[in-house]
Amino acid sequence: MRNLVKEKAFYRTFFFLTFTIALRNVIVFTVNLADSVMLGQYSEQALSGVALVNQIQFVLQLMVTGICEGGQIFISRAWGEQDRGTMQKMANISMKLALAVACALAFAAALFPEGILSLLSAEPSFVAEGAGYLKIILITYPIFAVTTSLIVDMNSVETVKLGFYTSFITLVINVCLNYCLIYGNFGFPELGARGAAIATAVSRILECAVVIGYVR
């Protein structure tokens, strides 16, 4: 108990890092949820189609996050020892593995969009809407892998604010572009589910560019 009292600064840092990382993960999942919520007011077919694709996105996020956070264990340990060689090696390994998974999933989605979605629903109208969304959103899979890998690496060296701020900005941009491209507001074309996919793709690309710029 004495050690617990003496280590108050440690626990403050621990809970700050944990809360910030957890909140960032919530925001990441909310980006795709925003598409579903806003499309729910547009049409049932669009909502259902995007919901199918979000199941694929959820699997991607679990796999990429698992790979990156597995590497985070070793990077964090190396950070404590100031072993920069090991840090760089593990960061490269997790990045390559995450990219491999994301590219494989994107490649499969590009070749068989309707086939994959047909495994999740037997309704042709839902599959058609989802396929249109998937054909655009799949370009963000490798981008998401790069962004997640870099942000997790930064988390490993106690730099957690970057991931939180960039993810929050991504969410804001996505919601604003959704409002314009789904419904055709402010002179933009009314694209429905495809508009939501474009909005998410643009926000993901901007997020990745900001993170790479910061890391460099």
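**The fold**

Keep in mind that this is a predicted model. Taken along the principal axes, the C-alpha atoms fill a box of roughly 60 × 35 × 35 Å. Of the 216 residues, 44% count as buried.

Start with the largest pocket, which has a volume of about 220 Å³. Its lining is made by I75, M87, Q88, A91, N92, M95, L150, D153, M154, V157 and V215. Which helix gives the largest share of that lining? That is α4, with five residues. Helices α4 (84-111) and α7 (140-156) each supply at least two lining residues. Sorted by class, the lining has eight nonpolar residues, two polar and one charged.

The second largest pocket comes in at about 180 Å³. Ten residues line this second pocket, and L17, S76, N155, S156 and E158 are the ones that lie nearest its centre. Helices α2 (8-39), α3 and α7 each give two or more residues to the lining, with the largest share, four residues, coming from α2. By class, the lining of the second largest pocket has four nonpolar, five polar and one charged residues.

F29, F58, V59, L62 and M63 make a nonpolar surface patch of about 440 Å². Helix α3 (residues 44-81) gives the largest share of this patch, four residues. M63 sits in helix α3, and M63 counts as partly exposed because its relative accessibility is 39%, which falls between the 20% and 50% cut-offs.

**Salt bridges**

How many salt bridges does the structure hold? There are three, and here they are side by side:

| Pair | Closest N and O atoms |
|---|---|
| E81 and R77 | 3.8 Å |
| E114 and K135 | 3.6 Å |
| R204 and E207 | 3.6 Å |

Take E81 and R77 to begin with. Being four residues apart in helix α3, these two are separated by about one helical turn. E81 counts as exposed at 52% relative accessibility, and R77 counts as exposed at 61%.

E114 forms its salt bridge with K135. This pair links distant parts of the chain, with E114 in helix α5 (residues 113-118) and K135 in helix α6 (residues 124-137), 21 residues apart. E114 is partly exposed at 36% relative accessibility, and K135 is partly exposed with a relative accessible area of 48%.

That leaves R204 and E207. Both lie in helix α9, three residues apart, or about one turn of the helix. Are R204 and E207 buried or exposed? R204 is buried, and E207 is buried too.

Most residues other than glycine have a negative phi. Two residues here are worth a look on that score. Q82 has a phi near 55°, a positive value in a residue other than glycine. You'll find Q82 in the loop between α3 and α4, where Q82 counts as partly exposed because its relative accessibility is 44%.

F186 also has a positive phi, near 55°, and is likewise not a glycine. Where is F186 placed? Look in the loop between α8 and α9 (193-215). F186 is exposed, since its relative accessible area is 67%, and the exposed class starts over 50%.

One last stop is Y165, which has its place in helix α8 (residues 161-183). At 48% relative accessibility, Y165 counts as partly exposed. Y165 and N25 are 140 residues apart in sequence, yet the C-alpha to C-alpha distance between them is 12 Å.

Technical notes:
Residues are numbered from 1 along each chain as its sequence is written. This is a predicted model: local features need pLDDT of at least 70, side-chain atom pairs count only at pLDDT 80 or more; totals for chains, interfaces and linings use all residues. Side-chain values use heavy atoms; hydrogens and water are left out. Patches are made of residues with over 30% relative accessible area and no salt bridge: like charges are joined within 9 Å, nonpolar side chains (Val, Leu, Ile, Met, Phe, Trp, Tyr) within 5 Å. Accessible areas come from the Shrake-Rupley method with a 1.4 Å probe; for residues, only the protein chains shown count as cover. A salt bridge is a side-chain nitrogen of Lys or Arg within 4 Å of a carboxyl oxygen of Asp or Glu. Buried means under 20% relative accessible area, exposed over 50%, partly exposed in between (1.4 Å probe, protein chains only). On a 1 Å grid over the protein atoms alone, a cavity is a set of points where a 1.4 Å probe fits but cannot get out, and a pocket is an open set with protein on both sides within 12 Å along at least five of seven lines; lining residues have an atom within 4 Å of a point. Grid points are joined across faces, edges and corners, and a volume is the space filled by probe spheres set on the points. Ala, Val, Leu, Ile, Met, Phe, Trp, Tyr, Cys and Pro count as nonpolar, Asp, Glu, Lys and Arg as charged, and the others, Gly among them, as polar.
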